[in-house]
Amino acid sequence: MSKICIVFDRLRLEEKMLQEQASKMGHDTIVVDAKTSQISTESKKWDIDFGDVVLERCVSYFRGLHFTACLEFLDVPVINKYDVADKCGNKLVTSLLLKKHGVPTPKTYFAFSSEEAANLINKVGFPIVIKPVIGSWGRGILPLRDKDTTEAIIEMRDIADGSHDRIYYLQEVINRPPRDIRAITVGDQVIAAMYRKSQGDFKTNIALGGDPEICEITKEMEDICIKASGAVGGGILGIDLMEDEKRGLVIHEVNNTVEFKGLARVAKKNIPQEMINFALNHVRK
Amino acid sequence: MNCSECDAKINIPDDAAVGELVSCPECGADFEIAKKDGANVELKPAESVGEDWGE
């Protein structure tokens, strides 16, 4: 029997499901609140109980990323690895890796100043989607359809506080049905997928109220999801796909800390069980 | 347990765990369960959502 540790900063249904599943399978579980933990360069693995393997599940990307670095310093096996979290947390890096590894992905353009972002949009033309390089739940993702709105958005980004706001990530609009696909990969398997339908606008995030509906895992989907997972370093991932009317499936995002409560209600496979089994394979023998 | 903002009664589900969020039914303020020992529950104001939150 092993001890599974779930690191969280907000205990959601997903973390409770993982804990319950691990207990059901006969394993000890501990949940650790990252907000109340202290680690130092003097810490040793045996000073703090992180069990035999950690599932890092912080809702805050930066908190989870830095906590993962500390866990790796302590030589505690952690899923996902720091390197994977780092790559998935930045949309620009993810897009580059997907393209480099031959994964079909939307054409994406980058600019590093507001002036050049405006020039780039002039060259590529409308409509185009602007996204923050770091961000989640669809926030800050906007379709740009005309010059006036574009100038306003760029100006707002230019005066915003975050240093990431000066990195411009612009993506072609994909001609697709009003939905996208979320697939969950665990290691080299796609364990579940669902359609996320939009609620009238172009965003489809479940966090924004998108309806989940089970989606058949096709060979095409399986192949490109596994390729995408490999491109970022593997682990437990949420992969977002769109159905381009000409190219077929394209992958636009890979998520590091996958939320699955919606999909778990309709999926054929036991999602938490697959995740726990994967984690157990990473326990040092 | 009463809300520190508006003093309305907040019901804590029996199976709620430390780290979970509860909301005040009157004013909507969010609280995180900081400690729980049987019926004794300690709440603290929940963190506000950051720009890096979510998947």
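Predicted model: local features only at pLDDT ≥ 70, side-chain atom pairs only at ≥ 80, totals over all residues.
Local features need pLDDT of at least 70 and side-chain atom pairs count only at pLDDT 80 or more, while totals for chains, interfaces and linings use all residues. Residues are numbered from 1 along each chain as its sequence is written, chains are lettered from A in the order in which they are written, and side-chain values use heavy atoms, with hydrogens and water left out.

Helix α6(A) covers residues 147-159; helices are DSSP runs of H or I with at least four residues, strands are runs of E with at least two, and both are numbered from the N terminus. At 1.5 Å times one less than its number of residues, the helix should span 18 Å, which agrees with the 19 Å between its end C-alpha atoms. Thr150(A), Ile153(A), Ile154(A) and Arg157(A) are its buried residues (under 20% relative accessible area, with exposed over 50%; 1.4 Å probe, protein chains only). Seen down the helix axis, these residues fall within an arc of 95°, so they line one face of α6(A); the arc is that of the directions from the axis to the C-beta atoms. Their cover includes α5, β6, β7 and β8 of chain A. Asp148(A), Glu155(A), Met156(A) and Ile159(A) are exposed on the other side. The N-terminal end is capped by Asp146(A), with a side-chain oxygen 3.2 Å from the backbone nitrogen of Asp148(A).

Chain B contains 0 helices and 3 strands. Of its 55 residues, 35% are buried. Among contacts (heavy atoms within 4.5 Å) with a separation of 6 or more in chain B, 15% join residues 24 or more positions apart.

Notes
Polar contact = N/O pair within 3.5 Å; in protein donor to acceptor, adjacent residues only side chain to side chain.
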